[in-house]
Amino acid sequence: MTDIWQSAMDHAVVLARKAGQVVRDAVGDAQKEAVMVKSSSIDLVTQTDQKVEKLIIQSVKEKFPTHCFIGEESVAAGEVCVLTDSPTWIIDPIDGTTNFVHTFPFVAISIGFSVNKQVEFGVVYSCLQDQMYTARRGKGAFCNGRPLRVSHQKDIRQAIIATEFGSNRDPGVVDKVFSSLKRVVSIPVHGVRGAGSAAINMCLVASGCVEAYYEIGIHVWDIAAGSLIVSEAGGVLMDVDGGPLDLMSRRVLAANNQSVAEHLAKEIDAFRVRRDDAAS
């Protein structure tokens, strides 16, 4: 049976590699780039972010002119963020912009593809490490062609948990973030880590390097591709309160198994944030 979306996935991989080369070429001069801000003084964007997103969207429009887009920089510029049943490319041109600006070596191009509000394939290219993570629904997850599988660890006390502090510095939000961190560390777990990129954190779960990742305040373009990579590697996805994952809710918990996920969800001091589709 022909896979009607395989050509789109193949194109996404080609584009991720091209975009990765643009990022690699720019990273040496990243600290000289003009750095702009979006929602706050620490929510950064560079000319390279914009250049990469333009490269991806223009190429996709030429090859698949009827497809829709959700792109981080397009949304920041005023485009609506709405996920419909139509074939939709969900793009984060540089996941880890702060890392890029500081030449911290965890930077990814993330491309998810959704049909009927379901992610059909995901591509995450950790370009400074030259690690290409891919997943096609029902066909598994891979890194540079090597099959991925989540950790078999069932005891959260022997787990590494990934999370991030986010870009919201409202004191109430910061209190909630550190309340969760304190509770998670005190389980106790083996450790807490963070790559500075939601997409890479999710790929680390898929790779079995960490047992779980949670965050509140991320966006659909941060997690769309990674969500399928996790599930195709045998992992589970849910909301931080233990309910079903909603890609537009800006809340995610990805784990290697249900037991670890449910235990972690009980420790998270969850709070609501404005949905990605709130203005749609």
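Biologist: Which residue stands opposite Ile216 in β14?

Modeller: In this predicted model, Ile216 faces Arg251 of β14. As a general idea, strands of a sheet pair through backbone hydrogen bonds, in either a parallel or an antiparallel manner. Here, strand β12 (residues 212–216) and strand β14 (residues 251–255) run antiparallel and are joined by five bridges.

Biologist: How many bridges join β10 to β12, and do these strands run parallel or antiparallel?

Modeller: Three bridges join β10 to β12, and the two run parallel. Within this pair, Ala162 stands opposite Tyr213 in β12. Strand β10 (residues 160–163) is also joined by three bridges to strand β11 (residues 191–193), again in parallel. In that pairing, Ile160 stands opposite Gly191 of β11. Between β10 and β11 the chain passes through helix α5 (residues 171–185), and this β-α-β crossover is right-handed.

Biologist: In what order do the five strands form the sheet?

Modeller: The order is β11-β10-β12-β14-β13, which gives an open sheet with mixed pairing. Strands β11 and β13 (236–238) are at the edges and have a single partner strand each, so one side of each lacks a neighbour in the sheet. On average, neighbouring strands of this sheet are turned by 20 degrees against each other, direction ignored.

Biologist: Which strands does helix α6 touch as it packs on the sheet?

Modeller: Helix α6 (residues 198–207) touches β10, β12, β13 and β14. The direction of helix α6 makes about 155 degrees with that of β12.

Conventions
Residues numbered from 1 in each chain as written. Predicted model: local features only at pLDDT ≥ 70, side-chain atom pairs only at ≥ 80, totals over all residues. Heavy atoms only, no water. Pairing = 2+ DSSP bridges. Helix = DSSP H or I, 4+ residues; strand = E, 2+ residues; numbered from the N terminus. Right-handed = clockwise from strand over helix to strand, strands pointing away. Axes fitted to C-alpha atoms, helices over the stretch in contact; angles between N-to-C directions. Contact = heavy atoms within 4.5 Å.
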